[in-house]
Amino acid sequence: MLMSDRPPMRSGGIISKYGDYLPEIDPAAAVTLGEGQTPLVEARAVSEAVAAGVCVYLKCEGLNPTGSFKDRGMAFAVSRAREAGYRVAMCASTGNTAASAAAYCARAGMRCVVVIPEAAIAAGKLAQAVAHGAVVVAVRGNFDQALAIVRDMVERHRIALLNSLNPDRIEGQKTAAFEVCDQLGGRAPDHLAIPVGNAGNITAYWKGFREYKEQGKVSSMPIMLGFQAAGAAPIVVGHPIERPETVATAIRIGNPASWAKAVAARDESGGLVESVTDEEILDACRLLAAREGVLVEPASAASVAGVLKLARRGYFRERSGASRRQDAVIVCVLTGHGLKDPDAMMRLGSGPLVAEADTASVEATLVAAGTPLDGR
Ligand code: F0G
């Protein structure tokens with residue numbers, strides 16, 4: 001088939017949708033997998049658990065092409081690296097950045113090297129990096145050490161840095177804030193809840209909200225609510241954590257690169273950065289999976305866990321007040337898909353019941369497990 005016979009098609013993605021708000025780029029260098037345009041879904045069970053007069057929405061960033069929000073920033077950063085003639089790119093990662101970098105580099109025809117903390121990233125993410133052909137180096141250390149090595153390497157060699165220290169990553173990721181406002185019908189949420197690890201994403205959202213306000217696309221900006229895991233909460237405690245620990249391996253980070261920018265987002269928005277325990281994270285994960293039908297990896301559930309924690313303190317009741325004409329809108333960013341971390345997902349429920357391969361045996365097993373079989 002000749003090129004001209006092909007049906008007209010827009011390949012989508014954040015550059016084609018929000019290019020006017022991004023630094024200029026040669027369209028021929030742009031790499032996309034159709035990232036962005038992720039669902040914003042109403043969360044009835046979470047809303048009910050929070051407070052009357054509050055409407056909670058979930059921004060399902062796990063539905064990006066590689067299963068996490070990283071694809072927005074990676075599309076733009078890899079495009080710009082390709083435009084600048086880089087042939088090799090590198091990142092440190094707790095897993096999702098590695099998966100995304102590997103996929104976008106594969107598509108761009110670039111070599112990708114990822115440095116990960118050994119035995120500390122979820123199985124799905126490692127599988128993605130491997131399958132996309134990245135060179136994976138597992139170091140006997142944590143993410144913060146891996147990032148220090150990568151920063152060193154890009155100083156020594158002509159290698160593009162794909163961590164969120166690269167401003168192009170932030171540019172791409174800020175489009176999520178635009179999208180939230182567009183999906184809400186041209187308004188910003190009252191609160192935006194977001195997990196915080198290396199603090200690139202909270203920085204990007206805040207930049208996006210500020211720019212949309214400056215452009216007159218929205219009339220207000222949200223209060224930013226950032227949540228770290230209790231065992232990896234340097235911003236909350238006010239000093240780096242040498243040995244961060246949490247079930248939410250994606251945000252197991254002790255010294256965030258964008259620490260100051262996260263604090264600025266918090267303070268300029270009148271928000272907060274607080275911590276949630278692993279137990280609260282897994283409870284929120286289970287609530288999302290079992291009541292909302294939304295599967296997320298543990299780090300993502302930190303946003304919902306944090307909102308539920310604040311709700312228990314009456315935080316939203318005070319703010320949403322009876323005098324408001326409309327329900328207060330809270331958007332929880334769900335950063336990564338649950339399938340990234342099958343081991344954590346299995347721990348949310350009970351494993352399979354085992355039966356012989358006949359109806360009577362399956363029936364008996366179900367009855368023994370107390371499963372209602374009368375269809376009501
Ligand atoms: N949620 C998920 C699922 C993540 O993978 C990350 C970060 C975050 C939240 C935190 O975002 O770092 O911008 O504050 N993952 C990085 C990685 C560190 O290497 O994949 P942040």
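Student: What makes aspartate 341 a residue without a salt bridge, and which side chain of opposite charge is nearest to it?

Tutor: The nearest side chain of opposite charge is that of lysine 125, 5.9 Å away, whereas a salt bridge needs a side-chain nitrogen of Lys or Arg within 4 Å of a carboxyl oxygen of Asp or Glu, so aspartate 341, although buried, has none. Opposite charge here counts Lys and Arg as positive and Asp and Glu as negative, leaving out His and the chain ends. Keep in mind that this is a predicted model, in which local features need pLDDT of at least 70 and side-chain atom pairs count only at pLDDT 80 or more, while totals for chains, interfaces and linings use all residues. Residues are numbered from 1 along each chain as its sequence is written, and side-chain values use heavy atoms, with hydrogens and water left out.

Student: Where is aspartate 341 found, and what is it in contact with beyond its neighbours within four places in sequence?

Tutor: Aspartate 341 sits in the loop between strand E10 (328-334) and helix H15 (342-346), these elements being DSSP runs numbered from the N terminus, with at least four residues of H or I for a helix and at least two of E for a strand. Its contacts, meaning heavy atoms within 4.5 Å, are with Ala122, Glu297 and Pro298 once those neighbours are set aside.

Student: Is alanine 134 buried or exposed, and how do you know?

Tutor: Its relative accessibility is 13%, and buried means under 20% relative accessible area, exposed over 50% and partly exposed in between, with a 1.4 Å probe and protein chains only, so alanine 134 counts as buried. Alanine 134 lies in the loop between helix H5 (123-131) and strand E5 (135-139), and, not counting residues up to four places away in sequence, touches Ala102, Cys112, Val114 and Ala129.

Student: Why is helix H12 described as roughly perpendicular to helix H13?

Tutor: The axes of H12 (residues 278-292) and H13 (residues 298-312) come within 7 Å and cross at roughly 100°. Since angles of 65 to 115 degrees count as roughly perpendicular, under 35 as roughly parallel, over 145 as roughly antiparallel and the rest as oblique, H12 is roughly perpendicular to H13. Among the residues that make the contact are Glu280 and Leu288 of H12, together with Pro298 and Arg312 of H13.

Student: What makes glutamate 280 and arginine 312 a salt bridge, and is each of them buried or exposed?

Tutor: Their side chains meet at 3.4 Å, N to O, which is within the 4 Å limit, so the pair qualifies. The pair links distant parts of the chain, with glutamate 280 in helix H12 and arginine 312 in helix H13, 32 residues apart. Glutamate 280 counts as buried at 19% relative accessibility, while arginine 312, at 58%, counts as exposed.

Student: How many residues apart are aspartate 283 and arginine 286, and how do you know that they form a salt bridge?

Tutor: Their closest N and O atoms are 3.2 Å apart, which makes a salt bridge. Both lie in helix H12, 3 residues apart, about one turn of the helix. Aspartate 283 is partly exposed, with a relative accessible area of 41%, and arginine 286 is partly exposed at 32%.

Note on methods:
Axes fitted to C-alpha atoms, helices over the stretch in contact; angles between N-to-C directions.
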